[in-house]
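I opened this entry to keep track of what I looked up in one structure. I wrote down each term with its cut-offs as I went.

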Amino acid sequence: MSENPSVTIARDFYNALAKGDLDSIRSDQLADDVVFHVPGRGSLAAEYRGKDQVLGYLGRLGELTENTIRFEPDSFLLGEDTVAAVIRVRGERAGRSLDDRGVQVFKIAGGKIAERWSYPYDPYVIDEFFA
């Protein structure tokens, strides 16, 4: 049985991110008018609109963690036009370690990521880590 195309898109996004392949993410995974919703009150909490802002955010995650940030999907839940990834997030920054879990929900349109919402298990841990 083959994998659902929406799950493949989400999985390919995480694989490209792990490799630091932002060019592939730009061309293959993101819709032109993509929106990423990043919750919290920390320095990275915002709504990122369009490929340039989203890729700037993803690049900033890499910079702040010296490319140690990892989003590791455990499982995927499928909806009509959405896929939710149950993830583990790990990284290192300024002598501190991050190890949190959460869910990221992707809206898929036209075979690309149109929108993503992040729901960390403990948003305060994320805010503090990136402070």
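My notes follow, beginning with the sheet.

**Ground rules.** I am working with a predicted model, where local features need pLDDT of at least 70, side-chain atom pairs count only at pLDDT 80 or more, and totals for chains, interfaces and linings use all residues. I number residues from 1 along each chain as its sequence is written, and side-chain values use heavy atoms, with hydrogens and water left out.

**The sheet.** I looked up the strand order first. Helices (H or I, at least four residues) and strands (E, at least two) are DSSP runs, numbered from the N terminus. I found an open sheet of 6 strands in the order β2-β1-β6-β5-β4-β3, with mixed pairing. Two strands pair if DSSP finds at least two bridges between them. Which strands stand at the edges? They are β2 (46–49) and β3 (70–78); each has a single partner strand, so one side of each is left without a neighbour in the sheet. From one strand to the next, the twist averages 20°.

I then checked two of the pairings. β5 and β6 (residues 112–120) run antiparallel and are joined by 8 bridges. In β6, P120 is the bridge partner of G102. β3 and β4 are also antiparallel, over 8 bridges, and they form a hairpin with 3 residues between them. Across that pairing, P73 stands opposite I87 in β4.

**Helices on the sheet.** I noted where two helices lie. Axes are lines fitted to C-alpha atoms, for helices over the stretch in contact, and angles run from 0 to 180 degrees between N-to-C directions. Contact means heavy atoms within 4.5 Å. Helix α2 (residues 22–29) lies across β1 and β6, at about 115° to β1. Helix α3 (residues 50–64) touches β1, β2, β3, β4 (82–93) and β6, and its direction makes about 50° with that of β1.

I checked the length of α3. The expected span of a helix is 1.5 Å times one less than its number of residues. For the 15 residues of α3 this gives 21 Å, and its end C-alpha atoms are 21 Å apart, which agrees.

Next I looked at burial, where buried means under 20% relative accessible area, exposed over 50%, and partly exposed in between (1.4 Å probe, protein chains only). The buried residues of α3 include V54, L55, L58 and L61. G56, found in helix α3, is partly exposed at a relative accessible area of 41%.

Just after α3, E66 takes a positive phi of about 50°. I also looked up T65, in the loop between α3 and β3. T65 is buried, with a relative accessible area of 1%. Leaving aside neighbours within four places in sequence, T65 is in contact with E92, F129 and F130.

**Aromatic pairs.** Rings of Phe, Tyr and Trp (its six-membered ring) pair if their centres lie within 6.5 Å; planes under 30 degrees apart count as stacked, over 60 as edge-to-face and the rest as tilted. By this rule I get 7 aromatic pairs. One of them is F13 with F36, edge-to-face, at 6.1 Å centre to centre and 65° between the planes. F13 is in helix α1 (residues 5–19) and F36 in strand β1 (residues 30–38), 23 residues apart. Both F13 and F36 are buried.

I also wrote down Y14 with F106, which is edge-to-face at 5.8 Å and 80°. Y14 is in helix α1 and F106 in strand β5 (residues 96–109), 92 residues apart. Ring pairs link F13, Y14, F36, Y48, Y57 and F106 into a cluster.

**Salt bridges.** A salt bridge is a side-chain nitrogen of Lys or Arg within 4 Å of a carboxyl oxygen of Asp or Glu. The whole structure has 8 of them. D52 and R26 meet in one at 3.0 Å, N to O, linking helix α3 with helix α2. D52 is exposed at 58% relative accessibility, whereas R26 is partly exposed at 33%.

K51 forms a salt bridge with D32, the closest N and O atoms being 3.2 Å apart. K51 lies in helix α3 and D32 in strand β1, so the pair ties together parts 19 residues apart in sequence. Is K51 buried or exposed? K51 is buried, with a relative accessible area of 15%, whereas D32 is exposed at 63%.
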